[in-house]
Amino acid sequence: MGESVDSTYQKPRIEKWLSDDRVLLFNFWLADLLILGFKGEVFRIGGFEIVLTINSIILFIFINYILFPNFYIRGRLWTFIALVVVSIFVTGYIEEYLIEGLFFIDETTLPIQTPISLLIQYGPPVVVFILIKMMIYFRDKQLIIDRLSKEKTDSQLQFLKSQINPHILFNNLNNIYSLAMQEDKRTANTILKLSNLMRYIVYESSENFVLLTKELNYLEDYLELQKIQIEGRGKVDFQITGNSVGYTIAPLVLIPFVENAFKHSMDTQLDNIIIKIQIEIRNGQLFFSSTNSHDKSSKKSLSPTGIGLSNTKQRLQLLYPEKHTLNIEDSSNSYQVNLRIQLL
């Protein structure tokens with residue numbers, strides 16, 4: 001089989017076949033046999049031609065299984081080249097002194113090939129073989145690197161999402177607790193909305209990307225729950241413009257900004273809270289804007305902003321490299337987030 005750089009990597013069947021060393025060696029042996037068969041005036045494959053090709057294929061086997069993995073892959077390039085050249089001479093003189101002597105025992109005037117002629121005879125096919133071997137090796141190595149990179153990214157995303165999800169649940173449970181303590185009639189409906197949110201998180205957002213329409217529906221339900229927090233202290237303005245059909249987005253990527261807007265406002269002593277959230281879909285891009293009032297002079301506003309916002313920044317870097325811009329402005333009386341995402 002092909003020289004593997006990672007024994008745990010399982011190639012698709014067609015890739016396995018194309019990079020299988022046995023397939024490569026067989027093709028070289030068959031090509032060599034056909035070339036010898038067509039050398040004469042009449043196509044002929046006899047014992048002499050078969051033995052010659054076996055002698056040649058032993059050279060390729062030696063390069064493939066001994067020299068390439070033990071010298072080239074380990075970085076000993078010049079030793080590898082020198083040993084390949086020596087192997088060519090050994091193969092050539094085996095042909096000259098043993099094989100031709102065996103089949104042409106009565107012909108004592110057969111010319112002995114010079115080292116240069118041996119290099120000319122065996123060098124080109126050996127070089128072609130090594131180049132193909134190198135192409136297969138580096139392609140497989142790159143596949144391993146790409147796979148490991150994707151697995152690392154996926155594991156990071158799953159870790160980040162696992163932290164965001166409990167955070168959302170924890171904050172909304174606090175709201176429900178407050179309603180229950182007040183024996184508010186909205187408690188049952190709020191629990192139902194939270195159930196829908198968690199269903200979305202658990203089942204719908206398991207992939208890296210979801211339909212934008214579903215994410216925006218989730219966001220609307222989430223805002224309905226969050227509005228309970230600022231009753232009597234302010235208002236929430238939420239607007240969506242543009243056509244969201246046909247686009248996808250990373251799930252839960254907008255929620256932490258919305259959650260942060262509420263947190264910033266609620267952690268102050270303000271009684272006229274204003275939270276404004278606008279989403280516009282235009283020219284294949286999503287423009288998200290969140291503005292909330294807060295008071296930096298308030299001691300409560302110095303509390304941490306939560307784990308969700310930090311994770312969201314990391315997720316944006318992983319999922320939208322070079323395809324998003326994020327600007328955050330924190331003034332004395334307002335906190336604003338502007339996010340642009342290139343939609344898929």
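Apart from residues up to four places away in sequence, Asn292 touches Ala261, His264, Ser265, Ile274, Ile275, Asn333, Ser334 and Tyr335, where contact means heavy atoms within 4.5 Å. The model in which these contacts occur is a predicted one, in which local features need pLDDT of at least 70 and side-chain atom pairs count only at pLDDT 80 or more, whereas totals for chains, interfaces and linings use all residues. Residues are numbered from 1 along each chain as its sequence is written, and side-chain values use heavy atoms, with hydrogens and water left out.

Asn292 lies in strand β5, helices (H or I, at least four residues) and strands (E, at least two) being DSSP runs numbered from the N terminus. With a relative accessible area of 1%, Asn292 is buried; buried means under 20% relative accessible area, exposed over 50%, and partly exposed in between, for a 1.4 Å probe and protein chains only. A polar atom of the Asn292 side chain lies 3.5 Å from the backbone oxygen of Ala261.

The chain as a whole has nine helices and seven strands, and 40% of its 344 residues count as buried. Of the contacts in the chain with a separation of 6 or more, 73% are between residues 24 or more positions apart. The chain exposes about 19300 Å², of which carbon and sulfur atoms supply 60%; accessible areas come from the Shrake-Rupley method with a 1.4 Å probe, and for residues only the protein chains shown count as cover.

In soluble globular proteins, nonpolar side chains tend to be buried together. The largest nonpolar core of this model has 41 residues, and those with the most contacts inside it are Ile249, Leu254, Leu286 and Phe288; a nonpolar core is a set of buried Ala, Val, Leu, Ile, Met, Phe, Trp, Tyr and Cys residues joined through side-chain atoms within 4.5 Å. At least two residues of this core are supplied by each of α6 (187-203), α7 (212-226), α8 (255-266), β4 (273-282), β5 (285-293), α9 (307-319) and β7 (334-342), and the largest share, seven residues, comes from α7. When neighbours within four places in sequence are left aside, Ile249 is in contact with Asn208, Phe209, Val210, Leu212, Glu215, Leu254, Leu286, Tyr320, Ile341 and Leu343. A second, separate core of 21 residues includes Leu25, Leu59, Tyr122 and Phe129.

Helices α2 (21-37) and α3 (47-72) each supply at least two residues of the nonpolar patch, while Ile45 lies in the loop between α2 and α3 and is partly exposed, with a relative accessible area of 35%.

Side chains of opposite charge can pair when their charged atoms come close. The structure holds one salt bridge, defined as a side-chain nitrogen of Lys or Arg within 4 Å of a carboxyl oxygen of Asp or Glu. This salt bridge joins Glu280 and Arg282, with the closest N and O atoms 2.8 Å apart. Glu280 counts as partly exposed at 29% relative accessibility, and Arg282 is also partly exposed, with a relative accessible area of 37%.

Asn283, in the loop between β4 and β5, has a positive phi of about 55 degrees although it is not a glycine, and at 67% relative accessibility Asn283 counts as exposed. Glu322, in the loop between α9 and β6 (324-330), likewise is a residue other than glycine with a positive phi, near 65 degrees, and Glu322 counts as exposed at 79% relative accessibility.

Two further pairs concern residues separated along the chain. Asp271, which is placed in the loop between α8 and β4 and counts as exposed at 59% relative accessibility, is 41 residues from Ile230 in sequence and 9.0 Å from Ile230 in space, C-alpha to C-alpha. Glu95, in helix α4 (residues 77-103), counts as buried at 6% relative accessibility, and its C-alpha atom is separated by 6.9 Å from that of Leu52, 43 residues apart along the chain.

Definitions and conventions
A polar contact is a pair of N or O atoms within 3.5 Å; within protein, one must be able to donate a hydrogen and the other to accept it, and residues adjacent in sequence count only if both atoms are side-chain atoms.
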